[in-house]
Amino acid sequence: MAPRLGFEAAGGMVEKFLPGVNFPVLINAVLPGTLAAIAMFPRVAVNVPTIFSQEIEKIWPKLILYAIVVVALGGLVSSLNSEFYKIYEGRTFWPRRLKLRAIALQQARVERLYAKAEAEKGRNEQEYDEVWYQLRIYPIDTNGKRYARYPTLLGNILFGYEDYPKDRYGMDAIFYWPRLWLIVSKDNREEIAKSWAVADGLLNLSMVCLIAAMLWAALATAYTVGFLEARYVPVRNHAGMTYLAAMGWVAVAYLFYRLSLPFHRNNGEVFKSLFDLYREKLTTMTGLAPGEAGRWKAAWAYLQYLKIRCPKCKALYPIFPF
């Protein structure tokens, strides 16, 4: 396994000092839920410190309500994680022309990296290695050359390692991965899950920020055209400041996205390693033989109902016909 990175170490500290807190749940649901609650109810977030100046009888109902909102939003965000991946990969909600243009830009980046690698070859080995470190995130075509398959870096990273089992061993990753995962020991699965939770959580946080940006911009626009009262504008009843804050949400969304990329790449190396190390344990699946389906059915009939198959007519008959 790769060395533990910053967020993973932080997860270990969280679970050490707060034994009841599960780190994957914290980063995948609780933190995105909290951020979503702040985006949807900014005034509530600003007024949270004033709650504790009130009487104890008035504090708990509000805190419980805030907690319910955070849990509900966090659960919603976590359940939509796979859909967020499709968007960030460039698989859904991308207009065709924009997608093709983005792929062309990614391909141009690949060509620039190849040119830079050729220029640094034999002259600056450190820079040459760094260029190839960036090139290796892209998948390989039939000619053994790196190319851009998707319009985003994340899409190319994910496709690059998901295609690895098929490219190296002829194994379909979608079909074999669930079976391979069950072979991995429980301790290793838990450690890997914590590592992968960081990438998922950062992507969830990024999407929450992006949705918040669109929501705030929509509210400011609705106020500007007269469809909304000033008190519903998130930033001090001011449309201009709300637009500016929406741009800030976009910047933070991009920051979380970029922070997630090294973790996705590390996860890809673990994914490839699991196929390298554990695929031999799946060889029992290749021991198929003619008539196997019939044998399984016959075994089921005998064990379940004490019936045996007639060798001539293939029908099933009870052992005790009385």
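## Ground rules

A crossing counts as left-handed if the near helix is turned anticlockwise from the far one by less than a right angle, and right-handed if clockwise. Helices (H or I, at least four residues) and strands (E, at least two) are DSSP runs, numbered from the N terminus.

The model is predicted, so local features need pLDDT of at least 70 and side-chain atom pairs count only at pLDDT 80 or more, while totals for chains, interfaces and linings use all residues. Residues are numbered from 1 along each chain as its sequence is written, and side-chain values use heavy atoms, with hydrogens and water left out.

## Antiparallel pairs

Two packed helices are described by the angle between their axes and the distance between the axes. Axes here are lines fitted to C-alpha atoms, for helices over the stretch in contact, and angles run from 0 to 180 degrees between N-to-C directions. Angles under 35 degrees count as roughly parallel, over 145 as roughly antiparallel, 65 to 115 as roughly perpendicular and the rest as oblique.

Take α11 and α12: their axes are 7 Å apart, at an angle of about 160°. That makes α11 roughly antiparallel to α12, and the crossing of these two is left-handed. Their contact (heavy atoms within 4.5 Å) has 31 nonpolar, 10 polar and no charged residues. For those classes, Ala, Val, Leu, Ile, Met, Phe, Trp, Tyr, Cys and Pro count as nonpolar, Asp, Glu, Lys and Arg as charged, and the others, Gly among them, as polar.

Helices α6 (residues 96-120) and α7 (residues 125-135) also pack at about 160°, with axes 9 Å apart. So α6 is roughly antiparallel to α7, and again the crossing is left-handed. Residues of α6 including Arg 109, Leu 113 and Glu 120 meet residues of α7, among them Glu 127, Trp 132 and Leu 135. Sorted by class, this contact holds eight nonpolar, one polar and four charged residues.

Helix α10 (residues 173-183) crosses helix α12 (residues 239-278) at roughly 70°, and their axes come within 11 Å. The two are therefore roughly perpendicular to each other. On the α10 side, the contact uses Ala 173, Tyr 176, Trp 177, Leu 180, Trp 181 and Ile 183, and α12 answers with Phe 271, Leu 274, Phe 275 and Tyr 278. The tally is 10 nonpolar, no polar and no charged residues.

A pocket is an open set of points on a 1 Å grid over the protein atoms alone, where a 1.4 Å probe fits, with protein on both sides within 12 Å along at least five of seven lines; lining residues have an atom within 4 Å of a point. Grid points are joined across faces, edges and corners, and a volume is the space filled by probe spheres set on the points.

The largest pocket holds about 800 Å³. Among its 24 lining residues, Glu 89, Leu 158, Tyr 161, Glu 162 and Phe 271 are closest to the centre. Helix α5 supplies the largest share of that lining, five residues. The lining splits into 12 nonpolar, four polar and eight charged residues.

The second largest pocket comes in at about 400 Å³. It has 22 lining residues, with Arg 136, Ile 137, Arg 146, Glu 269 and Lys 272 nearest its centre. Here α12 gives the most, seven residues, and the lining divides into 10 nonpolar, four polar and eight charged.
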